[in-house]
Amino acid sequence: MRIISNQNNGPVQLHTVIANTIVVCSNTADSGNLVYSELATTGEYANIIKGCIITKICWGGPETAYWTVKRQDHFDENVNAIVGVFSGTGVLNYSSAGQLQNDTPTYDIILTPNGTGAANSYIMLEVKKIYGIEQTPV
Amino acid sequence: MTVSYKTTNASPKIIIQADANTGSVVIAGNSTVSNVTSFDVEEVNGAAISQVLWGAPHDAYWTIHRGANLVGVYNGSGHINYSAQGMTINLDADADLSANLVGSTNGTIMIELKKS
């Protein structure tokens with residue numbers, strides 16, 4: 001996964017061509033506190049990020065391939081929520097449609113390319129961070 | 001095969017148009033190195049992909065690489081305006097660009113890039 005842009009107190013844009021799990025908010029084994037997020041950027045406390053909402057998705061691949069986007073509970077890997085399936089090539093702007101993809105916002109985001117030709121495919125996401133109130137430095 | 005570059009002094013844009021594999025298009029550098037400078041003294045540091053318009057048979061697709069990295073794939077026919085979505089692809093912006101048509105010999109692609 002590569003970050004296209006990440007703004008403090010703003011959106012994060014991500015790009016990948018392979019399967020990836022984006023850690024939205026996780027814990028440490030010893031404390032159980034929320035302390036880590038891959039969505040944090042410079043000057044931003046990771047543990048105040050409590051979730052994220054998917055606002056836009058761009059994707060592309062052969063017609064025989066498709067991406068699945070799932071949200072998985074970081075604390076229970078058996079709990080998954082399917083967000084969407086994206087075949088062919090396209091753009092989906094949930095934000096401009098007025099239908100933000102805000103299901104299970106605290107869960108990690110799992111991106112998986114599937115089907116024939118999945119190795120030649122990409123997906124880009126824009127997510128909006130949700131903040132909590134804890135403020136322990138990273 | 002046709003690969004053409006449209007640039008203007010007034011706009012920091014490049015449009016790469018092709019009907020077959022482009023080969024490696026050099027982006028960064030001065031006018032003696034870069035394929036996309038618009039005037040003799042220009043130095044291009046990089047260029048981000050802002051729009052892609054493409055066409056191919058339904059079972060064929062275009063790939064766009066920056067250097068060795070795959071950044072975009074486009075099947076069938078369509079148009080994506082990344083810039084309008086606020087999601088310009090700035091990954092490896094200083095790397096060479098190549099567009100390749102997979103699964104057919106009939107296809108076209110136009111790639112708009114914004115120079116930096």
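Start by selecting Asn9 of chain A: in the hairpin of β1(A) and β2(A), with 4 residues between the strands, Asn9(A) takes a positive phi near 65°. Strands here are DSSP runs of E, at least two residues long, numbered from the N terminus. Please keep in mind that this is a predicted model, where local features need pLDDT of at least 70, side-chain atom pairs count only at pLDDT 80 or more, and totals for chains, interfaces and linings use all residues. Residues are numbered from 1 along each chain as its sequence is written, while chains are lettered from A and ligands numbered from 1 in the order in which they are written.

Now widen the selection to β1 (residues 2–6) and β2 (residues 11–16) of chain A, which pair in the antiparallel sense over 4 bridges; pairing requires at least two DSSP bridges between two strands. Pick Arg2(A) and you will find its bridge partner, His15(A), in β2(A).

Next, hop to chain B and select β7, β6 and β9, an open antiparallel sheet in that order. At the edges stand β7 and β9 (97–102), each with a single partner strand, so one side of each has no neighbour in the sheet. β6(B) and β9(B) are joined in the antiparallel sense by 6 bridges. Highlight Ile64(B) to see Ala99(B) of β9(B) opposite.

Finally, show the contact between the chains: 20 residues come from chain B and 20 residues from chain A, where contact means C-beta atoms, placed from the backbone, within 7 Å. On the side of chain B that touches chain A, β7(B) gives the most, with 6 residues.

Technical notes: Two residues are in contact if their C-beta atoms, placed from the backbone, lie within 7 Å.
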